[in-house]
Amino acid sequence: DEPSRWDHPEKAVHDRQFLAVFDACLNRLPPQQSQVFMMREVVELETQEICEQLGLSAGNVHVILHRARIGLRACLEHNWINPGAGPC
């Protein structure tokens, strides 16, 4: 068997760079926002499961997710879309 061809090495580098920036942005969020975001978007837990595990109301989970997404968006815009545009 021949190894599969790596057609777009620059895409892999680009993806790794994005993931590094995303991880840094995620780590800049308040701990609870980061935790809830990861539980919902990465682990794909339902809101009720997050509520039960963290002792939060569904409304609180939704507010935390909203704030996490806003924070991630701002950080990614600053550090990925417009790097060096000023303080984050």
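Which side chain meets that of R40 in a salt bridge? In this predicted model, the partner is E46, with an N to O distance of 3.9 Å. That distance counts because the cut-off for a salt bridge is within 4 Å. R40 has a relative accessibility of 27%, so it is classed as partly exposed. E46, at 48%, is likewise partly exposed, since exposed would require over 50%.

The count of salt bridges comes to 3. Another of them joins R69 and E41, whose side chains meet at 2.2 Å, N to O. R69 is partly exposed at 41% relative accessibility, and E41 is partly exposed at 35%.

The salt bridge between E77 and R73 has its closest N and O atoms 3.0 Å apart. Here both residues lie in helix α4, 4 residues apart, which is about one turn of the helix. E77 has a relative accessible area of 33% and is therefore partly exposed, whereas R73, at 57%, counts as exposed.

The cysteines come next. The structure holds 1 disulfide, formed by C25 and C75 with their sulfur atoms 2.1 Å apart. The torsion about the S-S bond is about -80°, so the disulfide is left-handed. Both C25 and C75 are buried. C51 has a relative accessible area of 7% and is therefore buried, the cut-off being under 20%.

Note on methods: Residues numbered from 1 in each chain as written. Predicted model: local features only at pLDDT ≥ 70, side-chain atom pairs only at ≥ 80, totals over all residues. Heavy atoms only, no water. Disulfide = S-S within 2.5 Å. Buried < 20%, exposed > 50% of the residue type's maximum accessible area, 1.4 Å probe, protein only. Helix = DSSP H or I, 4+ residues; strand = E, 2+ residues; numbered from the N terminus.
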